[in-house]
Amino acid sequence: MNEVCFKNIDKKEPWSLSTYEASGGYSVWRKILKGELSPENIIDELKASGLRGRGGAGFPTGLKWSFMPRNSDIQKYVVCNSDEGEPGTCKDRDILRFNPHSVIEGMAIGGYVMKASVGYNYIRGEFMEPFYRFEAALKEAYKTGLLGKNISGSSVSFDLYTHLGAGAYICGEETALIESLEGKKGQPRFKPPFPANVGLYGKPTTVNNTESFASVPEILAKGGKWFHDLGVKNSGGCKLFSVTGHVKRPANFEVPMGIPFKDLLDMAGGIRDGRKLKAVIPGGSSTPVLTADEALAMNMDYDSIENAGSMLGAGSVIVMDDSTCMVKTLTRLAHFYYDESCGQCTPCREGTGWLYRILKRIMDGDGKSGDLDLLNNVGSNILGNTICALGDAAAMPVESFLRNFSEEFEYYIENGKSMVKDNV
Amino acid sequence: MFEIEIDGKLVNAEAGEKLIEVTDRVGISVPRFCYHEKLSVAANCRMCLVDVEGAPKPQPACSTPVSEGMKVSTQNEKAKSAQKSVMEFLLINHPLDCPICDQGGECELQDVAMSYGSNVSRFNEGKRVIADSNIGALIHTDMTRCIHCTRCVRFGTEIAGIMEMGGTGRGESLKIEPFLNEGIQSELSGNMIDVCPVGALTSKPFRYELRSWQMNSTESIARHDLVGSNINVQTYKGKVKRIVARSNDSVNETWISDRDRFSYEGLSHSNRLLKPQVKFDGTWKEVSWEVALDFCVKGLLRSAGESNSMNSLGVLASKTATLEEYYLLQKLVSELGCENIDYRLGVKDTKNTINLESNVKLSDLEKIDHALIVGSYTRLEQPMINHRLRKAALRGGTVDVINSMQFDFNLALNNENIIIPCEIANLLASTLKVVLESTNQDVPEELNKLTITKSATKIAKKLLSSDASVIVLGEHVINNDNAKNISNLVAMLAKNTNSSTLNLSKTGNSIAADIAGFFPGKDGLDVNSMLGKDMNAYIMFDVYPEYDFHNSSTAIKALSDKNSFIVSMNSFYNNNVADYSDVMLPISSYYETSGTHVNIEGEFQTFAASVKAPQESKPAWKVIKVLADLLDISGFNYSDSSNVLEEAKHNIKQGHRAEESINITDTNSVEVIWQPSPYSIDALLRHSDSLQETKIGQINKATMNSSTAKHLNLGDKDDYLGVPVVISSLVANNCVFINANKSTPSEEQA
């Protein structure tokens, strides 16, 4: 546990440069500055590590880095996506709070590999403490001569800037993030072209999640194989899981991929006293909900969770006990997507509001017999037809909630009240 | 070029093309709302989703680039279901009350819903309602109907060059609205009505007038500028009800200016002259055409002498006639043995004015890499030409300006020279000197004494280093004391820098007037000489003296005092015309006669009449023909205006060539540039109420800087030459820039 991003978490002032360097921090970056590591080496190591994008999509990081046109002289950018907004996730916040230097080093390494001399860290608007921590760390790094132009005569340049968002979930979508970074309204771009070709200010850009960048230095320090072997097949390394909900000790846990969900639940102190596990959303609010049985039988890695019928996503485990009304939960989730849709494309702009209104009507006791079919159908009409994944994110919970807990919805429609008597 | 398969058919496609461009070209119909061929791709409506083999999700045809071997279905289950889903989403919050919507019958949403919509709505929740704001006199908004396709937003940023509409809020609260509460002010704003696929933005003057299917549509040409934008004139029961753009890539693409779109309103203004009238003993009497024309003939013969040597007849026309009208009137006059004929009413000295050819195609204008604009605010004065220049600028072309006032251009200026009118010639001469010296040519003696300024060097360098440059000469210098020098200097600069030239001073249909030979003959008098002499008779063609003459009071005085016999043909009633005329003949206005407009490319654009001239007014060319018959002049046996055009084409006249000489004179007093405001340049525009209500229509100001104001002893509550004073540092010192929607000055200009 706690071997990569959280390895210093129990130390005094884990965020300081001295703590970071004392545990081997910036050793990879210094090697690069001395010219001892080539971009090709780094990409090979990353590929070997099996590191997959920690923001939710799970795209192999090494492969993503190799997509950047490396042999041209045009300005390129690396961008860190710290706009952590998915309900249920809070891991990047703690990386920024407790290990900001790993993000800086990871981004600098990314910049070197992809020949991008400028990086931006886009931090969620509400993250004031992480923002100041990161800014302070950035100052330290500059002061120590780890960043800047032609760093200690190495001819390697990397400048890093922090950008604070303004509180829009959509800006976590990488192209909306880029638009926002350019000073425009945060709305996703259509793809192609992808950011690796036309990104920030029209230049090739790679956007990675905070945890992905933060994992890179340790992977390169200890080797891709070491990292890979911490986890299981197709899910190399360890991963931060944010366990929230009806557990005794909600927290972020950095654990090897593939550990049983049961063990993770135990780490979080288990379900509240006198309650039973009812449902789990394993990867953040946009991933399908699982029943207690499905959850208890699964391991925490990409393939296992997929086999169980959901997705690992950003590793945001929302645990619900038997006091939970699933109609109310889905209504709350639907409201979130309705509220956060950017409004640019039709299915999401119109569909998320429709979904929410049907659910709200059911909650108000005005549900009708065809409503569940309608919900399912509206959801599937949004799915796959939008510019970005927010539409899919809004649609997916609907399908799984209705599939796994249909009797609760039918009960609510019929009786105008929740089947769960003591729901809170 | 490679092949792709669409709906089982092999079609050719070019690398870089988007799927929708291919389907449009080969005639496969893919529904769409946000896509517009002249705007950037937004891919936000999702209506054009199609199934591309290998792609897990349906792909939008508008943003998907073609690739070799691609297999696409626009019709299979996956594509259809995606399209129908999107259609349903678009309709849930859209009012389903087409019968009370002004767009009904010409609504893209309605049309597509017929094929892709369901006949029953599954949406039983409350619909979204958006409060409207008043965005000006031209566009009516009904934003509850908006489907957020952002065509109007993209039109504003990409074509009009000012972002007036934008999206505020997010999700379902996304609203398309103007950011500022000042309304829409672009001179091209009406195009937003054309691009809006639904009834959110509709024409305010046309609101609730008619359904599109009730109207007839005729192709025509707009004549308020040098482009001659292609339009469709929509009419109902003999009245023009609406004008919309007609695509012609080599002229106006798919856009037209607000001036061209809304001026038709003036046609039904109560001020139209509708019956022939004759002055008996100082009072006007409505008479029949026979009586009126007989009165004309007798009056002309009595006052101006024999029918073959009418030396004391003067013939003046405005700049808005058709080529046929200019030609026939010129022919009539020359048959009468008269050479006193002119259309340059607004020119102070016809011997000292611009004489420059235009030699660049409109479609090439957007490909130039550098433009030098001299004496013009192209954006408001020639909006469609400015649009091409803006396109060139967006492609990386640079634009330099020599003006006497700083204007709000919608394109980036490289180098803006704001100088007093009398310095323009000097700056151009100095620029020419730099050009000649740096290309190792002889510098003419007149230029030797000139000192080379930094500005001149900059301007010259840019012209010399550009491969495809153009020098644009505008209206502001027609009455410059060095107008002829400026014109010659521009011609010489162009010749020595391999630049094209564009003469924007030939406004209205004046190019046609030149071609028809509507200028004084060898021994003939020009406009100012006529007014200064005792002419016994005049034929005045659609002249409105207080607007058309350079100095209205002098002209009106000259026409009123001398007791001349004056025949006026007008489409609008005018008090001054009634005062000095003896006969008033009601003639057709725009869209009421067939004819030809000659644009800046020299392109003859012929149009048919869209409606009959109202009441007893007649197409002017017919009036001239009958007048000729009654004067016993032969050779006027035309049955159709196309016969006139054929003959005119065989008798094309060359305007006089300017001699290449430079002789710059110096002035020291305050200089005045008088430029009619954009919606006041002709009688029809002045009678178009909605246009007059707009911000542009209201422009009426004499702008000067504080030191000039002090010198003239004026404050910002005073009038100067009848125009309200505005004190601003945007104007060159010692210069007053007047942009007026009122008559030209009634006092002698300083």
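Modeller: A contact here means heavy atoms within 4.5 Å. Please bear in mind that the model is predicted.

Colleague: Among contacts in chain B between residues at least 6 apart in sequence, what percentage join residues at least 24 apart?

Modeller: The count begins with chain B contacts whose residues are at least 6 apart in sequence. Those that join residues at least 24 apart make up 71%.

Colleague: Why is chain B described as being as compact as a globular protein of its length?

Modeller: Chain B holds 25 helices and 31 strands. For 750 residues the globule rule gives 27 Å, and chain B is as compact as a globular protein of that length because its radius of gyration is close to this, at 28 Å.

Colleague: What percentage of the residues of chain B count as buried?

Modeller: A residue is buried when its relative accessible area is under 20%. Among the 750 residues of chain B, the share that counts as buried is 61%.

Colleague: Which residues touch the most other members of the largest nonpolar core?

Modeller: This core has 136 residues. One of those that touch the most other members is B:Ile385, which, neighbours within four places in sequence aside, contacts B:Leu226, B:Val227, B:Leu362, B:Leu365, B:Leu502, B:Leu504 and B:Ile600. The residues you ask for are B:Leu313, B:Leu332, B:Ile385 and B:Leu585.

Colleague: Is B:Gln277 buried or exposed?

Modeller: B:Gln277 belongs to strand 13 of chain B, residues 277-280. Beyond its neighbours within four places in sequence, B:Gln277 is in contact with B:Trp284, B:Lys285, B:Glu286, B:Val287, B:Asp582, B:Val583 and B:Met584. The cut-off for buried is under 20% relative accessible area. With a relative accessibility of 13%, B:Gln277 therefore counts as buried.

Colleague: What is the radius of gyration of chain A?

Modeller: Chain A contains 18 helices and nine strands. The globule rule gives 22 Å for its 424 residues, and chain A is as compact as a globular protein of that length because its radius of gyration is close to that figure, at 22 Å.

Colleague: How far apart are the mean positions of the positive and negative charges of chain A?

Modeller: Chain A carries 47 positive and 52 negative charges. The distance between their mean positions is 3 Å.

How values were computed
Residues numbered from 1 in each chain as written. Chains lettered and ligands numbered in written order. Predicted model: local features only at pLDDT ≥ 70, side-chain atom pairs only at ≥ 80, totals over all residues. Heavy atoms only, no water. Helix = DSSP H or I, 4+ residues; strand = E, 2+ residues; numbered from the N terminus. Rg over C-alpha atoms; globule rule 2.2 N^0.38 Å. Buried < 20%, exposed > 50% of the residue type's maximum accessible area, 1.4 Å probe, protein only. Core = buried A, V, L, I, M, F, W, Y, C linked by side-chain atoms within 4.5 Å. Lys, Arg positive; Asp, Glu negative; His and termini not counted. Charge placed at Lys NZ, Arg CZ, Asp CG, Glu CD.
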